[in-house]
Amino acid sequence: MSNEKYNPFETAKAQFDNVAEMLELETGTREMLRNTMREYHFNIPVHMDSGEVKVFRGFRALHNDARGPGKGGIRFHPHETIDTVRALSMWMTWKCAVVDIPLGGSKGGVICDPHQLSAREQEQICRGWVRAIAKDVGPLRDVPAPDVMTNAQHMLWMLDEFEAIHGNKFPGFITGKPVGMGGSLGRTEATGYGVIYTVREALKELNIRPEDTKASFQGFGNVSQYAIRLYQQMGGTVIAASYWDQADQKSYTFKRDSGIDMDELIPITDKFGGIDKDKAKELGYEILDANAWIEQDVDILVPAALENQINAETVNKIGKNVKIIAEGANGPTTLEADEVIKERGIFLIPDFLANAGGVTCSYFEQVQCNMNYYWEKDEVLGKLDTKMTAAFIAVSELAKKKNLYMRDAAYMISIDRVAQACKSRGWV
Ligand code: NAD
């Protein structure tokens, strides 16, 4: 979803150009990696409940598959654009490469607003999306997943259509399926836990004990809730988190200096990660304004809500004791704010490394589907920890060796891996 001011594909290309320069990539390789390898734009006609036929626009962009089949979610959004899909497919390539899983980068989307559609109409869109592209996706070619406003039910409809068309069972065609229908245990926890595995490693590097630290989060949804739980298990104290209040149509920060308690907050939190602020006040929480989460006197900040939240306006409000920023959300920091964070010497764990736990677990889901043998949750989370930790160490070692900002080091590793794969295949 882009707006006129911000074109995510231009940002993605500018980030790539910067690192391509540092890596001294050849012109052909730059041209190959600056754009999507292939993309599809198609119509999805749907017989609506009203009797009329409405045509929805669908997309799939595959940025690069030199390291393995494409991987990336499908978003349903009224403001979806092909440039957003292109940018996200490129970021998926770098994300899969930084955690060293054998997958490329893709993304898909449909311009639609699921809130305005019945379940039957949504099913028709899912089946129509698969029909339009059935020959160009698949477990060995390009593997979709849920994303903004799509869920496990949408994935099952898509799987069902794909299997009907191809006349066989292909549980590895799509990830994000419900547990028991080919989904993986641990997927719900994976992104939030992955963020904290990287925070744990950053703390080790800075020689700080987790139990001596405090943190503040933006967002209280899937990523934040599991990240908070694991960070608290490590001994850390979360003093604040923010959320979007559906009724008031604005966001707030809730805070308690002695630390928030998940067992009392979860029962008063809705499925969209919004809390009941009256009940929170009764439990002793202060309710502060939207940006208060970033101003707290903490050691660690975890933006885990939306893009562009640490920007020219908010970056100067970051507390003076903040030592680590772990980007749980995709693209939470604007280019200007990034410069300020770099100058301040805050240890930044970039989004495509910090939140790669989700895609890593999706890869594990696909592996389990292909074996038709499913691991216990501990096994999944253990493998996840190993992958995330190895990725973090590789990035931080390069950053130390070449005196680089962590985001630049992560990009250098990813882009170099993908460029090498293109080269070894003889493409460039
Ligand atoms: P979610 O919908 O479960 O939760 C989002 C949270 O952000 C909610 O608590 C909501 O109230 C809050 N929020 C929304 N607007 C806000 C605002 N203006 N100010 C403060 N809080 C606000 O989403 P999620 O799955 O936790 O994802 C969060 C971010 O992480 C997104 O950027 C997403 O793309 C990214 N991400 C998620 C995953 C995953 O596996 N869930 C993986 C990779 C990246």
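Predicted model: local features only at pLDDT ≥ 70, side-chain atom pairs only at ≥ 80, totals over all residues.
A polar contact here is a pair of N or O atoms within 3.5 Å.

A backbone N or O atom of N222 sits 3.0 Å from an oxygen atom of the ligand. A305 also contributes through its backbone: one of its polar backbone atoms is 3.4 Å from a ligand oxygen. N330 uses its side chain instead, placing a polar atom 3.2 Å from an oxygen atom of the ligand.

How much of the ligand does the protein bury? Taken alone, the ligand exposes 830 Å², and the protein buries 76% of that.

Now look at the secondary structure around the ligand. Which of them gives the most? Strand β7 does, with 3 residues.

Widen the view to the whole shell. The ligand is surrounded by 21 residues. The closest are T191, F220, V223, W244 and G273. By class, the shell holds 9 nonpolar, 11 polar and 1 charged residues.

Leave the ligand and turn to a helix pair. Two packed helices are described by the angle between their axes and the distance between the axes. Helix α13 covers residues 357-371, and helix α14 covers residues 377-402. Their axes come within 10 Å and cross at roughly 130°. An angle over 145 degrees would count as roughly antiparallel, and 65 to 115 as roughly perpendicular. α13 and α14 are therefore oblique to each other. The crossing of α13 past α14 is right-handed.

How values were computed:
Residues numbered from 1 in each chain as written. Heavy atoms only, no water. Near = heavy atom within 4 Å. Polar contact = N/O pair within 3.5 Å; in protein donor to acceptor, adjacent residues only side chain to side chain. Areas by Shrake-Rupley, 256 points an atom, 1.4 Å probe, with all protein chains shown as cover. Helix = DSSP H or I, 4+ residues; strand = E, 2+ residues; numbered from the N terminus. Nonpolar A, V, L, I, M, F, W, Y, C, P; charged D, E, K, R; others polar. Axes fitted to C-alpha atoms, helices over the stretch in contact; angles between N-to-C directions. Parallel < 35°, antiparallel > 145°, perpendicular 65-115°, else oblique. Left-handed = near helix turned anticlockwise from the far one by under 90°.
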